[in-house]
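Trainee: Hi! I'm new to this one, could you walk me through it?

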Amino acid sequence: MPPLVSLQECPREKLQRERVAYLDCDAERLPYVVEVHSGHFYRPAHAGGERSLFSTSEGDWIFVMSPARVLFCNRKRKASFHHTSFLGGGPCLAAGQLIVQDGVLSELYLHSGHYRPTDQHLCEPSCSGGPDFVLRLFTFSAPLASEYRQQRLMKHHKLQHLSYI
């Protein structure tokens, strides 16, 4: 096998260090699952434990909603863990950043450089899973049509902030 390429402007060591993780199976994704019950975000119970309220801590926290409507959340790690990491680069229903304090969603940013989400179906009640779960209610579309609509979405979902980057 020929040796791996290593260029002065981008050494092989840097490329190896900055590889983006891709989760390829359900067992790898399980630690990142977040569930929503009665409007509160929880880490599900694993190995006989109890579920616990989910909160994001410092830093940028990203999420992806899978086509099976499973929510995955984790801290974004530049050059190693991105939105595409959760589903191994596969398709998703929604992606962005969020802030959750003691199980309550306070900020939602529909932003992903890979998936390019927007808001058309944010208020669509047709998605299964119930209207109390804001993340089950959106997919992709055009930007918000008006400030009024943004305010309505924030009030309806009791958000302090909603933005599109």
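**A chat about the model**

Mentor: Ser66 sits in the loop between strand E4 (61-65) and strand E5 (71-75). Helices (H or I, at least four residues) and strands (E, at least two) are DSSP runs, numbered from the N terminus. Before we go on, this is a predicted model: local features need pLDDT of at least 70, side-chain atom pairs count only at pLDDT 80 or more, and totals for chains, interfaces and linings use all residues. Residues are numbered from 1 along each chain as its sequence is written, and side-chain values use heavy atoms, with hydrogens and water left out.

Trainee: Got it. Is Ser66 buried or exposed?
Mentor: Ser66 is buried, because its relative accessible area is 6%. Buried means under 20% relative accessible area, exposed over 50%, and partly exposed in between (1.4 Å probe, protein chains only).

Trainee: And what does Ser66 touch?
Mentor: Not counting residues up to four places away in sequence, Ser66 touches Phe72, Leu87 and Leu93. Contact here means heavy atoms within 4.5 Å.

Trainee: How many bridges join E4 to E5?
Mentor: Five bridges join them, and the two strands run antiparallel. Two strands pair if DSSP finds at least two bridges between them. Ile62, for instance, has Asn74 in E5 as its bridge partner. E4 and E5 form a hairpin with five residues between them, and Arg69 in the turn has a positive phi of about 65°.

Trainee: Which other strand pairs with E5?
Mentor: Strand E1 (residues 33-37) does, in the antiparallel sense over two bridges. There, Val34 stands opposite Leu71 in E5. E5 is mostly covered, with four of its five residues buried.

Trainee: What about the nonpolar core? Which residues touch the most other members?
Mentor: In the largest nonpolar core, which has 16 residues, they are Phe41, Phe54, Phe63, Leu71, Cys73 and Leu98. The elements giving two or more residues to this core are E1, E4, E5, E6 and E7. Apart from it lies another core, of twelve residues, among them Val33, Phe72, Leu87 and Tyr115. A nonpolar core is a set of buried Ala, Val, Leu, Ile, Met, Phe, Trp, Tyr and Cys residues joined through side-chain atoms within 4.5 Å.

Trainee: Let's switch to Gln101. Where does Gln101 lie?
Mentor: Gln101 is in strand E6 (residues 94-101). Gln101 counts as partly exposed because its relative accessibility is 41%. Leaving aside neighbours within four places in sequence, Gln101 is in contact with Ser55, Thr56 and Ser106. Its C-alpha atom is also 8.3 Å from that of Ser57, 44 residues apart along the chain.

Trainee: What stands opposite Gln101 in E7?
Mentor: Val104 does. E6 and E7 run antiparallel and are joined by five bridges. Their hairpin has two residues between the strands, and Asp102 takes a positive phi near 50° there. Strand E7 (residues 104-110) is mostly covered, six of its seven residues being buried.

Trainee: Last topic: how many salt bridges are there in the whole structure?
Mentor: A search finds one. Arg29 forms a salt bridge with Asp26, the closest N and O atoms being 3.5 Å apart. A salt bridge is a side-chain nitrogen of Lys or Arg within 4 Å of a carboxyl oxygen of Asp or Glu. Both residues, Arg29 and Asp26, lie in helix H2 (residues 26-29), three residues apart, about one turn of the helix.

Trainee: Are Arg29 and Asp26 buried or exposed?
Mentor: Arg29 is buried, because its relative accessible area is 13%, whereas Asp26 is exposed at 63%.
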